[in-house]
Amino acid sequence: MVHTDKVVVLLSTYNGEKFLEAQLDSILKQTYSNLIVVIRDDGSTDATVSILEAYQQYDQIILMSDTRNNLGPKMSFGELLRLGLLDTTAEYFMFADQDDIWLPDKIERTLRVMKREEAGGASLPILIHSDLRVIGIQGEEIHPSFWAYQNLRPSRDSFPRLLMQNVITGCTVMLNRKLAELCLPVHPDAIMHDWWIGLVASAFGKIGYVHEPTILYRQHQQNSVGAKRFNSRYILNKIFEPVSIEKNIKQASAFRAKFIHTLSGRSRLTLDQYIALEHASYMKRRLLIVKNGFYKIGLIRNLGLLINWR
């Protein structure tokens, strides 16, 4: 692959001294060389900032000066994306977590799929993501596939499905400039930045994916989200938990408010019907979601909405 396209890697850090150097080294050793790494620290109190300052010896590393303001992961990544758009003319952006390890050809493989998707419509907002290999604190393998571990099917990324369940992991994502411009700002009511951006891509553009893992996804006690083995009882409890449904509805309402004038009629109807769950009783929510959403093939595999979709 000719390395003509600039790729901006956006890394948000917070008290990441334990694993940060391994992650930075893995990014700097990518087979794709035309990249810069823009880093924002979210108010670390350990040695993270000192490590970042030491890595500024590399031309690819750019450390933002605002390192004391704690925004939390979703807003910190949103700020990184905003500044990446303002300060560069790059066409592609990727998110990186501080504690993972990128496989050497992660950028190259992801960009190859991005280019393939763009060939069918370069002006579209496009998101590409990938599977992950789950590892422990010492790098030991927990599972070779995060998707299999959590029983996720990346092809189930239609807009109605994404309203209920996110199948996109932010640290694997590449988005083109069109999508970056459209999704900002990340709304405070978004559950996570990757979920919000995935909704935008599904509603207005395309989502593609790399079938194989591109990163070693490290699990430890400080993970913001992390990997949990699929368990149908856990999923049922989580889905029917009132707080979870209310967070999803809040995110959907924020999405509707931002994009109401550009959404298709079908997407607007989907949002309206989903947001209407806010006023349904707890038991009615359960009945409607189960009746209209679950696909049962041995195990409960996915969750839908109140209307039919492909």
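In the predicted model, phenylalanine 146 and tyrosine 217 are both buried. The two residues form one of the 10 aromatic pairs that the structure holds. Their ring centres lie 5.4 Å apart and their planes meet at 85°, so the pair is classed as edge-to-face. Phenylalanine 146 belongs to helix α5 (residues 146–149), whereas tyrosine 217 belongs to strand β9 (residues 206–218); the pair therefore ties together parts that are 71 residues apart in sequence.

A further ring pair is formed by tryptophan 196 and phenylalanine 259. Here the centres are 6.3 Å apart and the planes stand at 35°, so the arrangement is tilted. This pair, too, links distant parts of the chain, with tryptophan 196 in helix α8 (residues 193–204) and phenylalanine 259 in helix α10 (residues 242–259), 63 residues apart. Tryptophan 196 has a relative accessibility of 0% and therefore counts as buried. Phenylalanine 259 counts as buried as well, because its relative accessibility is 3%, which falls under the 20% limit. Both residues are members of a cluster in which ring pairs link Phe159, Trp196, Phe204, Phe255 and Phe259.

The largest nonpolar core comprises 84 residues, among which Leu81, Trp196 and Phe255 touch the most other members. Helix α8 supplies the largest share of this core, namely seven residues; tryptophan 196 is located in that helix. For leucine 81, when residues up to four places away in sequence are not counted, the residues touched are Leu10, Phe93, Phe95, Leu175, Ala180, Cys183, Leu184 and Ile197.

Helix α10, which contains phenylalanine 259, also contains asparagine 248. The relative accessibility of asparagine 248 is 8%, so this residue counts as buried. With neighbours within four places in sequence left aside, asparagine 248 is in contact with Leu163, Met164, Ile191, Trp195 and Tyr274.

A charged side chain is also placed over an aromatic ring. Lysine 106 lies over the face of tryptophan 102, at a distance of 4.7 Å from the ring centre.

Technical notes: Residues are numbered from 1 along each chain as its sequence is written. This is a predicted model: local features need pLDDT of at least 70, side-chain atom pairs count only at pLDDT 80 or more; totals for chains, interfaces and linings use all residues. Side-chain values use heavy atoms; hydrogens and water are left out. Rings of Phe, Tyr and Trp (its six-membered ring) pair if their centres lie within 6.5 Å; planes under 30 degrees apart count as stacked, over 60 as edge-to-face and the rest as tilted. Helices (H or I, at least four residues) and strands (E, at least two) are DSSP runs, numbered from the N terminus. Buried means under 20% relative accessible area, exposed over 50%, partly exposed in between (1.4 Å probe, protein chains only). A charge sits over a ring if NZ of Lys or CZ of Arg is within 6 Å of the ring centre and within 35 degrees of the ring normal. A nonpolar core is a set of buried Ala, Val, Leu, Ile, Met, Phe, Trp, Tyr and Cys residues joined through side-chain atoms within 4.5 Å. Contact means heavy atoms within 4.5 Å.
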